[in-house]
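Let's take a friendly walk through this structure. Have a look at it first, and then we'll go through a few of its parts.

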Amino acid sequence: MTTGALDRKPVLKPGATIGILGGGQLGRMLALAAARLGLNCHIYAPEKDSCAFEVARRATCAPYEDASALRRFAEAVDVVTYEFENVPAKTAAFLERRRPVLPDPKVLETTQDRLIEKDFLRDLGIATAPYAPVHSATQLAEGIAKVGLPAVLKTRRFGYDGKGQAKLERNVDPIRTWRSLHNAPCILEAFIAFEREISVIAARSRDGRVECFEVTENEHRDHILKTSTVPARVTPALAAEASRIAARIAGAFDYVGVLAVEMFVVRKAGKRQVLVNEIAPRVHNSGHWTIDGATVSQFEQHIRAIAGWPLARPVRLGRKVEMINLIGEEVSEASRYLTLPNTAVHVYGKGRASPRRKMGHVTRIWPAR
Ligand code: AMP
């Protein structure tokens, strides 16, 4: 990064305003963390019922393509950040011409596309599942020959929580599976029989310092994160390797803010190894435990980083911390957790509890003995 680019980014003073693109629970928790530090937030989101609106000083409800709303938003904030990775490239470019946008939206070009992301990791020498591009029936056959079966076919863009994904089993017509994804440009990945899933949440400051939260172990149910637990059941050497990988990725992007790296732990010839599955250029669900379970939260670290403030060194509170997502109707169980000791309840204030919607979470802390 040039000094010129750094100069354009003011160190925020208390009372300054952070613009956040996206109004979901991540935006909401970012705004709450900013408020604690004396910073204001202005949320920009197209959905009327965005749950971040009600905890921020200002809100703009407008489409991401609305140039005049975006212009007014840019004029009202000191720095812009985002809580989701599918920010349209044009929106990011429009805002970047007017205000610093952090993390740098060039990161989105890589992370919005699973194939570009995997190539980026390969070029850094970071291990992933074997993969192949699928843009035609011929490439699908070539991909299967390369990565083997079973495999996972994923759309290159706009996939999340298992959406835009289908498993390719032996004895099933692969073309039919691809058709179920509307023949969209895809990536074919070898199906990984992982031992466990982990993630690293890393924060990187403007001066290039990196602070990683402790490696988190994640369990998914029906492709949606259900629980995150720390400490993860991994050796110190593997945890150090996972953190090194996350720091390496953040450094390669010249990243400012918090990013999450999701990984598989696999056993190969008796040795454990990590494979990177996905990079999320934002705060992440598997880091929610840090709000109540660590001395600094991922949300505060992100705000500190983009404000140009020093990062904190995170320390876990308690000997074990577990985060449980409340999905869909499970949010009605929130009241059950209210009476448990060492338990924090978070309800996002979203409207309808539709079946796969993340409605809240609970954090349980096992106190140090
Ligand atoms: P993703 O949308 O890529 O984060 O995938 C969502 C979840 O699907 C992951 O957290 C894994 O549980 C599972 N998954 C994704 N890719 C693979 C793979 N190549 N092999 C096995 N499981 C996978």
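Leaving aside its neighbours within four places in sequence, which residues is Glu262 in contact with? Keep in mind as you look that this is a predicted model. The residues in question are Ile198, Ser199, Leu275, Val276, Asn277, Glu278 and His284.

Let's stay with Glu262 for a moment. You'll find Glu262 in strand β13, which covers residues 257-268. Is Glu262 buried or exposed? Glu262 is buried, and yet it has no salt bridge. The nearest side chain of opposite charge belongs to Arg282, and that one is 5.9 Å away. What Glu262 does have is a polar contact of 3.2 Å between its side chain and that of His284.

Now for the sheets. As a bit of background, strands of a sheet pair through backbone hydrogen bonds, and they can do that in a parallel or an antiparallel way.

Start with the open sheet whose 4 strands come in the order β3-β2-β1-β4, with parallel pairing. From one strand to the next, the twist averages 20 degrees.

Another open sheet also has 4 strands, this time in the order β5-β8-β6-β7, and its pairing is antiparallel. Here β5 (131-134) and β7 (165-168) are the edge strands, each with a single partner, so one side of each is left without a neighbour in the sheet. Ignoring direction, neighbouring strands of this sheet are turned by 25 degrees against each other on average.

| Strand pair | Sense | Bridges |
|---|---|---|
| β2 (residues 40-45) and β3 | parallel | 4 bridges |
| β6 (residues 151-155) and β7 | antiparallel | 4 bridges |

Ala45 stands opposite Cys61 in β3, while Val152 has Lys167 in β7 as its bridge partner.

What about helices? Helix α6 (residues 114-123) lies across β5, β6, β7 and β8 (186-190), and runs at about 145 degrees to β5. Helix α7 (residues 137-147) packs on the sheet as well, touching β5, β6, β7 and β8, and its direction makes about 175 degrees with that of β5.

Technical notes: Residues numbered from 1 in each chain as written. Predicted model: local features only at pLDDT ≥ 70, side-chain atom pairs only at ≥ 80, totals over all residues. Heavy atoms only, no water. Pairing = 2+ DSSP bridges. Helix = DSSP H or I, 4+ residues; strand = E, 2+ residues; numbered from the N terminus. Axes fitted to C-alpha atoms, helices over the stretch in contact; angles between N-to-C directions. Buried < 20%, exposed > 50% of the residue type's maximum accessible area, 1.4 Å probe, protein only. Lys, Arg positive; Asp, Glu negative; His and termini not counted. Salt bridge = Lys/Arg side-chain N within 4 Å of Asp/Glu carboxyl O. Polar contact = N/O pair within 3.5 Å; in protein donor to acceptor, adjacent residues only side chain to side chain. Contact = heavy atoms within 4.5 Å.
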